[in-house]
Amino acid sequence: MDIIEIFKDFHKHPELSYQEFRTTQKIKEILQKEGVEILSLNLETGLVAIIRGKNIPEGSVKKTFAFRCDIDGLPVKEETDLEYKSLEEGKMHACGHDVHISTGLKVAVLLNQKKAELSADYLVIFQPGEESSNGALKIVETGILKDVEAVVALHVNPELEAGVLGIKENAITSSVDKFKMTVTGVGAHGAKPENSVDPILAASHFVSNVQSIISRNVSPLSNAVVSVTHFESGHTWNIIPEKAFLEGTIRTSDNETRKLIEERFKSFVQGNDVSFGTKTELDFIKSNPATNNDSGLCQKARQVAESQNLKSVVTPLSMVGEDFAYFQEITKGIIIWVGSGIGPNLHNPKFIADYNVLNFIPEYFVELLLSL
């Protein structure tokens, strides 16, 4: 199995969340060719392979461990000069999921080659729709995680040298919440503002004031972000409009801070309406929680890295989201950053992953899984 050529093929053919039909079929074909069993699950895209250990001591209870990789690409137009650049217009593996898929395939094959020696079962999960922040729930809904002792995942990181491992206890990525707001006032001629209830003025005050949640409500020892990323109102120069639209995101690293910000955010919306006489429709959308890496698994991960002569570092919390957190709500788990070479960041059209990590990183994860 030429894992580099497999990686390049996936890179050439990225597919968006829940549209990973070719990707799923290609994964299936490779696994079947290598004699790896695939579970029959009600998944439209993505799949789960199982390696059943054959060396179970008599009278013992067989355990199950899992390795997860995500498979979807992004709606990004690639701007690299790679000979294997994306052939799909406006789509790109700009988040390194092609590395993740390739790693998962090699992990599955290596484990399958050892199955006569294995005293546990191992699931290799090829998860759809991570970029939508909900794909992990598709896997959770199958029920396959209920008997899993621990689950391991990776994510490439262009802030680390190729092959360096980022291992951090507790939260390594943040929770993700979204908000959409429509602020309704009363429109009027721009020359007669006294006849209006100006939604632009009200919404502008909200954008400024809501930042005090971070500066005056959240402990400086906590990690939190409130970002308004879209503000739209009006359509001409001399009319005060009736409505303004805002949307954005909130990121936190722990549930207490997450709950506090949601409560304060909603109270700011209510207070802003009282102050300006507007009426606001708020859609507050809760997505994935923060990751929560198990400390025991982190210790194991460092020990295995040392045994394999791989460098590991403690990375700071990232405020990006990762739906692997849903797995960690069911069983203990760890997600590890894998350095892909210093370069343009994730989701950047110029992002390039150093595929040479595929020559040794899958073996690291196999050893980690076998050590659990």
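**Pockets and cores**

Modeller: By class, the lining of the largest pocket comprises ten nonpolar, eleven polar and six charged residues, where Ala, Val, Leu, Ile, Met, Phe, Trp, Tyr, Cys and Pro count as nonpolar, Asp, Glu, Lys and Arg as charged, and the others, Gly among them, as polar. This is a predicted model, in which local features need pLDDT of at least 70 and side-chain atom pairs count only at pLDDT 80 or more, while totals for chains, interfaces and linings use all residues. Residues are numbered from 1 along each chain as its sequence is written, and side-chain values use heavy atoms, with hydrogens and water left out.

Biologist: What is a pocket, and which residues lie nearest the centre of the largest pocket?

Modeller: On a 1 Å grid over the protein atoms alone, a pocket is an open set of points where a 1.4 Å probe fits, with protein on both sides within 12 Å along at least five of seven lines, and lining residues have an atom within 4 Å of a point. Here 27 residues line the largest pocket, and Arg251, Val320, Gly321, Leu346 and His347 lie nearest its centre.

Biologist: How is a nonpolar core defined, and how many residues has the largest?

Modeller: A nonpolar core is a set of buried Ala, Val, Leu, Ile, Met, Phe, Trp, Tyr and Cys residues joined through side-chain atoms within 4.5 Å, buried meaning under 20% relative accessible area with a 1.4 Å probe and protein chains only. The largest has 60 residues, with Phe126, Tyr364 and Phe365 making the most contacts inside it, while a second, separate core of 21 residues includes Leu123, Val151, Tyr326 and Ile335.

Biologist: What does Phe126 touch?

Modeller: With contact meaning heavy atoms within 4.5 Å, and leaving aside neighbours within four places in sequence, Phe126 is in contact with residues including Ile27, Leu31, Cys69 and Ile101.

Definitions and conventions
Buried means under 20% relative accessible area, exposed over 50%, partly exposed in between (1.4 Å probe, protein chains only).
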